[in-house]
Protein chains: 2
Amino acid sequence: MARLDIKQDLKALNNAIAAENREKFASHNIYVINVMGSPGAGKTTFLENILPELSKHIQVVMIEGDLATRNDALRIEKTGVTALQINTNGGCHLDAKMIENQIQKLNLNSIDLIIIENVGNLVCPASFDLGEDMRMVIVSVAEGEDKPIKYPIAFLEANMVVITKTDLLPYLDVDINVMKKYIADINPEAAVFETTKKDGVYKADEVVEYILEQVRKKKGK
Amino acid sequence: MARLDIKQDLKALNNAIAAENREKFASHNIYVINVMGSPGAGKTTFLENILPELSKHIQVVMIEGDLATRNDALRIEKTGVTALQINTNGGCHLDAKMIENQIQKLNLNSIDLIIIENVGNLVCPASFDLGEDMRMVIVSVAEGEDKPIKYPIAFLEANMVVITKTDLLPYLDVDINVMKKYIADINPEAAVFETTKKDGVYKADEVVEYILEQVRKKKGK
């Protein structure tokens, strides 16, 4: 019982800071996306490809969460987008306090969208609110069609699911329609998209459009 | 500080139970492998393929750890191997107490090898000793060559690393030699193997041989 109480106290503390973050974002009209997925789901590659497109229309900043290394922030910065790196030193997820610390470094008046790439982990990040408007789960077809039912919590809380690496489907024993059915069974509200690399070009136009629409909706409020 | 102390207390408690498990396994001459890796790394497929081979020579039992579903235990049981399922109900890793609870159900006198498939997660399981003899990390080439340096703790503690899905290499921007170099940089002691499906047949003969050798070494002591 003691263990449960501690967990609940930590969660309540996190939720309180997340609420403060959310208020701060709202007062500056900033839309925030919390991106989660397994190691190797293709999160950073996806972001590398959509950021230049998003940046044509709105001002974007990235926050990168990793156990170790600055690799992902360096990859993102090559797209011309500012990327702040959080190293959790073994911690399995980001928390609201880590985000609060990072946003103090930013001039929030000039930002439309903050994208947070969580630690590669399909379990723990789902339990920690960061103050985001949207939760996005990235899952690659190479992970297998059953992942939504095996890791339901992440999918249950997702507003958007992006299925990546669909160009690998001919070489896998994976039925993407079964994967989509599992996602819909868990969370019929989630907007589901597919991305792929075709003829060397990364295809994510629909996702970019959808994100821009969400950002504009918040601005319009 | 309070948070750190709690973490250390829980870890000390886990280590104490893990030590008891280890003693119990040793007194029955049972070799134990703790298998970890990301969701979709190919852990269960790998096990489905090596278990029939291992079972020709020794008595094997599986313990399956998952957030939800009995899917993996059902898949394993089709190979003819007994599989006990642990559902962590959201918990991101197995702990020594969960293993202690399971081994009470087994007749330890008739078992040579217990393989524990941990929750799909490249972060949390690495911090929890279960009483195993060997830690095996499964990583698929589809996850990307940089995963060892981005999730170093799991690789640092591994005795054996199995790189799966190498048949996908022609369709990925991944250099398996770079992945192997990263593994060797972090942990030069780890035995590294590759597995693949070729002409519809799963190739893991070397891994099977290596595991049988480790089991026999323990028996010979």
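The model is predicted: local features need pLDDT of at least 70 and side-chain atom pairs count only at pLDDT 80 or more, while totals for chains, interfaces and linings use all residues. Residues are numbered from 1 along each chain as its sequence is written, with chains lettered from A and ligands numbered from 1 in the order in which they are written.

**The sheet of chain A**

Helices (H or I, at least four residues) and strands (E, at least two) are DSSP runs numbered from the N terminus, and two strands pair if DSSP finds at least two bridges between them. In chain A, seven strands form an open, parallel sheet in the order 3-2-4-1-5-6-7. Strand 3 (82–87) and strand 7 (191–194) of chain A stand at the edges; each has a single partner strand, so one side of each is left without a neighbour in the sheet.

Strand 5 (residues 134–140) and strand 6 (residues 160–164) of chain A pair in the parallel sense over five bridges. The bridge partner of A:M136 in strand 6 is A:M160.

**Buried face of helix 4**

In helix 4 (residues 96–103) of chain A, A:A96, A:I99, A:Q102 and A:I103 are buried (20 or more other C-beta atoms within 10 Å of a residue's own, with C-beta atoms placed from the backbone). They cover an arc of only 120 degrees around the axis, which puts them on the same side of helix 4 of chain A; the arc is that of the directions from the helix axis to the C-beta atoms.

Conventions
Buried ≥ 20, exposed ≤ 12 C-beta atoms within 10 Å, placed from the backbone.
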